[in-house]
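Hi everyone, thanks for coming. Let me put the model up on the screen, and then I'll talk you through it.

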Amino acid sequence: MSFFSPSRWLGMFLKECRQLARDRVTLAMIVVIPLAQLVIFGFAINTDPRLMPTLVVAGENSDLTRAFLASLENTGYFQIIGDASDPLAAETALATGEAQFVVNIPSDFSRRLIRGENPVILLEADATDPLAVTAALAAAEAIPGRLARRELQGTLAHLAPEVEPFRLVSHRRYNPEGITKFNIVPGMMGVILTLTMVLMTGLAITRERERGNLEMLLALPLRPLEILAGKIVPYVAIGLVQTTLVLLGARFVFAIPMLGRLTAIYGVFLVFIAANLTVGITLSSLARSQLQAMQMAVFYFLPNIVLSGFFFPFRGMPSWARFLGNLLPLTYFNRLIRGVILKGNDWPLLWPSLWPLLVFTLVMFTAALVFSRKTLD
Amino acid sequence: MKQDVPAIEVKNLSKKFSGRLAVRDLSLRVNRGEILGFLGPNGSGKTTAFRMLCGLLTPDSGEGYCLGYDIRRENAWIKRHIGYMTQRFSLWEDLTVRENLAFVAQIHRLKDRRRRVREIMAEYGLAEVAGELASHLSGGWKQRLALAAALVHQPELLLLDEPTAGVDPAARRDFWDNLHHLAHAGLAILVSTHYMDEAERCHKLVCLAAGRVLEQGTAREIVARQNLHAYQVGGKDLALLARSLAGKPGVAEAIVFGNCLTVVGSQREELVATLASLPPEYPVSPAETGLEEAFIYLMGQREKER
């Protein structure tokens, strides 16, 4: 036996190439994953989001306040989506994430400005994701000075006041110190659960198929619903154990505040776990082998990370990417978990992001039932 | 329970897979207490036929009843009253013998499951390996476990798809003794096999090729119907002789068995003339036609027809 025989090597090489050429899914992955990544990373990610929804609580409506709001919009960061009827409605909009900013203009603004009392406009920001609001707040804080100077131009410029006629005070709500991990750690919980739940259930049916157990299951008087539900429920328990671990880690290792009620926190996790399990079961009934199921899980995982607003601000993405992101459970989970942990939201405020998750779960489970019926026949 | 109907009665079952007929016009009748053997080469549609009979596959055309239940509409009922042993071991290798049986018993919603599992383990000698993982069992034990699992709910019909592949002769004999015992107790058994000795132990046989039934009847009837004549030839270099005889007038098959050559043909005069022309160092004597010769002849005839 020679140490290295080129003809033996060639034999091995050719066998490998033939097998690879027949593995359609792997080939598709080789082409699709890099392309998808390039497009998504290249076009969707923008760490400097613009046109963020802004609500106004206007105590008065005068030329001056209109000029202020106009210059706020001119920075490009703010898009005024309307007037809040009262501060409570504005607070709710901020809590649900419907609005990123709330502008509070006091009712005696003009009068106090004229009196030279330096009135204050309050700009509240949902700072759970510090990355998203930092640039916008900096731009807003430059407005008072610029507004004053704009009225006194040319030869009159030297008359511009040293002290700005009014002040803009910004509040970074929910995360006053702008700590990044407040945003990343809750999101990371969702990423961890997505990966483990989808992967574990993704293998569940394909494993039975590969080991030859599926035919036995089918020959027994079992209904597809019984098979699927019986397979999913143990993983719910595993998911809840994982939830407890990541929550303990977040609280005691990263000192993330836990403002919401514990039942609400676990409720959010439970719905999210269910959503991911149904995705895994659906992949499992589509995939022909465990390897394929794993490849599909990775394929599902990538857009979840990039498009869910976990790493990069959701509002920074173009509308097509936000549309895609709105189809993914992790997107809703990010909103929910930040809402319940950092903002202390309770069920009524969680509902707007909770029902899409429930609908998603129901649709996926139905799909799993339909697909598994097909593959099982 | 529908007692007065045959265990299986199907007519003209057909099933297509991607344009190719896997089973064509299969008609069968199996009575209670009867062992029916499926004999056919690989890919002749045996497994597909089994799957249609136990409700795993819906036939494209044809109709029939298993235990009196419609195989198209009532397959949920059929599954409750049949035991199906798949070609490949399909119980869970990461469960123990007892756990596997308990699982099957639970799915069948048996009353007094523990007692029933203990009972069936004792019956098939599985009690001593009750706590072993199925993956640790040898081929013969796995097969016994699979049979026990197929019988745990006391079915009325047993479908066995090549149950003895890879099992040693003693375990096979044991297995067939069990089958006869079960048939005697009134079970209908449908079993597919490649082994001629097993085929001869069936009450009736069905010969399948390319999804079609070629012959039906007892082993003796099938052999007789081929109307074959067999001779034994002794001497040296029989392998070479077999090659040179192939295709000669009257010779349908020439097969070497150790120290003698069996030559089979349907035209007696031609065959005798061909053998008479052999050199004197090859002594010729008449022999009995076996099921194997008949079966291979049957397959060969079919090839010629195509």
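I'll start with chain B as a whole, then turn to its interface with chain A, and end on one residue.

Some housekeeping before that. This is a predicted model, so to speak of local features we ask for pLDDT of at least 70, and side-chain atom pairs count only at pLDDT 80 or more, while totals for chains, interfaces and linings use all residues. Residues are numbered from 1 along each chain as its sequence is written, chains are lettered from A and ligands numbered from 1 in the order in which they are written, and side-chain values use heavy atoms, with hydrogens and water left out.

So, chain B. The C-alpha trace spans about 75 × 45 × 35 Å along its principal axes. Chain B holds 11 helices and 14 strands; these are DSSP runs numbered from the N terminus, H or I of at least four residues for helices and E of at least two for strands. Of its 306 residues, 50% are buried, meaning under 20% relative accessible area with a 1.4 Å probe, protein chains only. Take the contacts (heavy atoms within 4.5 Å) between residues of chain B at least 6 apart in sequence: 68% of them join residues at least 24 apart.

Now the interface. On chain B, 19 residues are in contact with 16 residues of chain A. Together the two chains bury about 1,600 Å², with 57% of that on carbon and sulfur atoms; buried area here is the accessible area (1.4 Å probe) lost when two parts are put together, summed over both.

Between the chains we count 2 salt bridges, each a side-chain nitrogen of Lys or Arg within 4 Å of a carboxyl oxygen of Asp or Glu. Arg211(A) and Asp94(B) form a salt bridge at 3.1 Å, N to O.

Last, Val117(B), which sits in helix 4, residues 113-123. Is Val117(B) buried or exposed? Buried, because its relative accessibility is 4%. Leaving aside residues up to four places away in sequence, Val117(B) touches Arg98(B), Leu101(B), Ala102(B) and Ala105(B).
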